[in-house]
Protein chains: 2
Amino acid sequence: MSKHEKIPTTVLSGFMELLPADQILFDQMKATIQTVYERFGFVPLDTPVIERAEVLLAKAGGETEKQIYRFTKGDNDLALRFDLTVPLARYVSKHFGHLTFPFRRYAIGKVYRGERPQKGRFREFYQCDIDIVGHGELGLMSDAEIPSIIYSVFSEFGFRNFTIRINNRKVLNGLFVGLGAAEQAADALRIIDKLDKVGEETVEKELGELGLAPPVVAQVLACTRLRGNDEALIEQLWALNIDNELFARGVEELATVVRAITYLGVPPNNFIVDLSIARGLDYYTGTVYETILNEFPEIGSVCSGGRYDNLAEYYTDEQLPGVGISIGLTRLFYQLKQAGAIQSGPATPTRVLVVPMVADARVPLELASLLRAHNISTEVYFDDVKVKRKLAYANKLGVPYVVIIGEDELAAGTYTLKDMRSGHQEQVDTARLFDIIRAREDIGPGA
Amino acid sequence: MSKHEKIPTTVLSGFMELLPADQILFDQMKATIQTVYERFGFVPLDTPVIERAEVLLAKAGGETEKQIYRFTKGDNDLALRFDLTVPLARYVSKHFGHLTFPFRRYAIGKVYRGERPQKGRFREFYQCDIDIVGHGELGLMSDAEIPSIIYSVFSEFGFRNFTIRINNRKVLNGLFVGLGAAEQAADALRIIDKLDKVGEETVEKELGELGLAPPVVAQVLACTRLRGNDEALIEQLWALNIDNELFARGVEELATVVRAITYLGVPPNNFIVDLSIARGLDYYTGTVYETILNEFPEIGSVCSGGRYDNLAEYYTDEQLPGVGISIGLTRLFYQLKQAGAIQSGPATPTRVLVVPMVADARVPLELASLLRAHNISTEVYFDDVKVKRKLAYANKLGVPYVVIIGEDELAAGTYTLKDMRSGHQEQVDTARLFDIIRAREDIGPGA
């Protein structure tokens with residue numbers, strides 16, 4: 001190929017591509033999520049990115065169908081997965097006989113949606129999901145575990161000031177039935193869902209326009225105004241005096257879940273029952289969750305989910321109730337970076353750069369192998385350039401330690417160890433080298 | 001949807017989907033590869049799965065072009081990546097000014113090839129690549145590091161009996177030039193590449209048919225017969241008396257690389273210079289590698305790669321020499337399972353199943369949180385079923401420990417700990433519980 005006809009290296013719009021330091025930070029966050037999910041006993045699942053279009057479009061419609069990447073290969077009508085829930089439903093149906101229930105699975109993988117590209121929206125993005133799927137039934141303690149998992153993930157990211165908002169769809173649904181407004185429930189929930197954004201006055205007006213009588217609107221607002229995470233909140237719900245079985249079940253579920261969340265050690269300032277949360281109108285049937293970083297409310301919910309009655313009705317007759325959450329990591333990462341809530345560190349995992357200033361490779365290579373055998377990430381910079389350039393390389397990447405091996409060091413059986421952050425330099429033997437390098441604490445990615 | 005129209009849950013042919021125990025094993029192998037790559041100072045890179053077709057097809061042709069998944073979305077001519085090298089070339093060209101050279105990157109991700117499906121061939125599969133890319137030049141010590149990385153990966157998989165085969169393309173190319181057979185070199189190398197499969201007699205015959213004189217064929221075979229991993233082998237190469245500069249450079253490179261591999265601690269029985277290895281005819285220009293599991297030779301090479309002169313000529317004028325290897329993990333996993341070389345273990349990461357036989361959730365949940373805070377994967381089985389069924393659940397998944405909490409235990413402030421492998425059961429307090437659980441060694445996936 002001629003020197004003049006080069007192919008443009010542009011990445012498609014809506015596709016994230018990171019430089020090394022950011023990629024390392026992104027991967028650290030991904031690893032944190034994985035570690036927490038496994039600590040709660042979830043099993044990894046990795047389904048194909050490509051499925052038969054028929055499988056993925058079973059339930060989809062409207063926006064999803066327009067956004068999906070669909071194509072043919074040979075005679076096959078194919079599509080790229082647009083979430084991790086539909087593949088889970090297909091997987092559980094297919095492998096039903098080989099799975100043990102409750103089936104606890106996590107999945108961390110890329111999904112694809114051809115959305116109109118705009119800031120913070122991606123066409124290829126990571127979802128990090130967990131679901132607990134029961135066969136026939138699934139106890140309420142699964143609902144209580146979810147906030148504990150969310151709490152662990154965001155704490156380990158380094159955040160302190162976040163709130164997991166919890167509600168139960170049965171309470172709001174039961175409320176409308178109890179108030180004789182069952183017919184308007186779906187529309188009303190959609191209006192309430194905007195409460196945070198548009199304010200109570202607008203919601204009140206719109207609920208009136210739905211044809212709800214002023215006393216009904218007043219009771220609805222009284223309910224959606226409630227917040228709390230202890231018995232007092234539950235008492236306030238009972239005090240609304242709603243005569244409906246679904247409402248009562250919802251309140252009882254909330255009471256049980258709140259108690260268990262406390263036992264699981266989630267601090268009171270990190271979770272709240274918020275009766276205005278109505279998310280996931282069609283799918284969720286019980287507990288619902290969203291998570292707000294209080295210093296960055298403009299990001300919206302960073303982890304959401306809820307309880308559903310039946311995972312896989314399109315693929316199987318088995319009744320598969322479940323509860324799950326999802327973290328949209330690509331968007332979260334982008335927005336946290338934009339907001340300055342996370343900072344990337346070194347552009348390499350390397351902790352030690354060995355710099356030989358001698359021709360014989362033996363000592364430098366043996367030292368590198370020794371360091372690696374002790375799980376210390378190590379590089380050797382052999383190329384015939386000046387020490388200055390090798391130190392600049394370490395500096396640019398953020399390598400904390402450089403070990404220089406010259407003729408003097410060889411003769412003395414020592415190394416010159418340079419701490420790149422302090423600039424301090426000293427002669428050390430192998431034992432002292434390990435002591436110093438190991439003493440250094442690792443620094444996490446968080447805020 | 002009616003109970004009778006269910007959508008078939010078939011997975012596309014050529015796409016691997018694993019049950020939990022196998023998925024855990026697969027992920028352990030993937031994590032081992034990642035850990036080793038990072039220990040050698042490689043930076044993670046995660047490029048989009050979808051690229052503009054023009055980018056991916058820059059160099060492709062023939063088979064690759066036929067196999068590629070290509071489709072349009074809106075006005076865009078798109079394709080799924082078929083390897084991780086082309087995206088690396090595009091990435092390095094695009095971000096050249098932001099990278100530090102030598103650039104050491106690893107990438108572990110899915111790639112797509114619409115090959116004719118057959119046993120052990122996959123259309124979606126993981127590649128696990130590393131490359132060291134220099135700017136302008138790249139020293140030979142990078143070539144020497146590669147076998148040390150391969151050795152670490154396969155050792156940590158649990159294998160002992162494997163051989164990393166090394167050669168240098170300059171030796172064979174120089175040999176043919178030196179013997180006055182430069183014109184036949186490419187064809188001859190393709191014949192030699194089959195030596196392992198077809199035997200020396202066939203190769204001799206086919207080399208003759210190329211028009212090489214019998215003494216030339218004899219010298220070629222004398223060279224390709226050479227094996228060794230010390231100075232003796234290098235002496236034998238010099239003794240061939242080939243008067244060619246390229247040949248001489250190749251032998252010198254081999255000598256340097258072999259010495260450095262030894263310094264890096266790769267045992268002599270795990271690597272060999274094998275002059276018959278000719279792989280990667282078009283692309284590689286120096287050291288080449290392949291890796292054989294000696295007990296499973298039918299699998300072929302499980303890790304291959306080599307040195308190349310210029311990574312990204314289609315995208316940039318910068319000269320980017322490099323050296324890299326790739327592990328095709330999906331195929332490797334499938335074949336190791338088929339051969340019985342790896343066995344899956346538990347179907348869960350859970351180490352402790354807490355089994356409450358009391359109504360109050362406090363103590364079981366607090367214990368679960370305590371175990372999790374100490375990084376011990378824990379589940380709580382709350383549902384109102386008999387103990388027997390809960391133990392069966394633990395058994396089926398392979399959970400090693402069950403902690404039963406009944407009224408007696410609550411009263412005494414103890415737990416009943418059951419070791420599911422031995423069946424042994426004892427009353428323990430919290431300290432003893434942790435002692436027992438922590439004493440258990442983790443078991444790796446290897447052979």
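This is a predicted model: local features need pLDDT of at least 70, side-chain atom pairs count only at pLDDT 80 or more; totals for chains, interfaces and linings use all residues.
A salt bridge here is a side-chain nitrogen of Lys or Arg within 4 Å of a carboxyl oxygen of Asp or Glu.

Residues are numbered from 1 along each chain as its sequence is written, chains are lettered from A and ligands numbered from 1 in the order in which they are written, and side-chain values use heavy atoms, with hydrogens and water left out.

**First stop: where the two chains meet**

Zoom in on Lys110(A) and Asp46(B), which form a salt bridge with their closest N and O atoms 2.8 Å apart. Next, colour the residues in contact, meaning those with heavy atoms within 4.5 Å; the contact takes 98 residues from chain A and 99 residues from chain B. Helix H1 of chain A (residues 20-39) supplies seven residues, the largest share of the side of chain A that touches chain B; helices (H or I, at least four residues) and strands (E, at least two) are DSSP runs numbered from the N terminus. By class, that side of chain A has 50 nonpolar, 20 polar and 28 charged residues, where Ala, Val, Leu, Ile, Met, Phe, Trp, Tyr, Cys and Pro count as nonpolar, Asp, Glu, Lys and Arg as charged, and the others, Gly among them, as polar.

The area buried between chain A and chain B is about 8600 Å², of which carbon and sulfur atoms give 58%; this is the accessible area (1.4 Å probe) that two parts lose on being put together, summed over both.

**Second stop: the axis**

Superpose chain A on chain B, and a rotation of 180° with 0.0 Å of shift along its axis does so with an RMSD of 0.1 Å, by least squares on the C-alpha atoms of residues with pLDDT of at least 70 in both copies. The two copies are therefore related as by a two-fold rotation axis. To find that axis from chain A, select Phe71(A), whose C-alpha is the nearest to it in that chain, at 3.0 Å. Because 100% of the interface residues of chain A are also interface residues in chain B, the copies meet through the same surface.

Show chain B as a cartoon and follow an open sheet of nine strands in the order S1-S5-S6-S12-S11-S10-S7-S9-S8, with mixed pairing; two strands pair if DSSP finds at least two bridges between them. Strand S1 (43-44) and strand S8 (227-228) of chain B stand at the edges, each with a single partner strand, so one side of each is left without a neighbour in the sheet. Within the sheet, S10 (residues 284-293) and S11 (residues 304-308) of chain B pair in the antiparallel sense over three bridges, and Val288(B) can be picked out opposite Gly306(B) in S11(B).

**Last stop: single residues**

Return to chain A and select Arg227(A) with Asp274(A), a salt bridge whose closest N and O atoms are 3.0 Å apart. This pair links distant parts of the chain, since Arg227(A) is in strand S8 (residues 227-228) and Asp274(A) in strand S9 (residues 271-274) of chain A, 47 residues apart.

Ala58(A) lies in the loop between helix H2 (53-56) and helix H3 (63-67) of chain A, and, not counting residues up to four places away in sequence, Ala58(A) touches Tyr314(A), Tyr315(A) and Ile7(B).

Finally, look at the peptide bond from Phe101(A) to Pro102(A), which is cis, with omega near -5°; Pro102(A) is in the loop between helix H4 (85-94) and strand S5 (103-112) of chain A.
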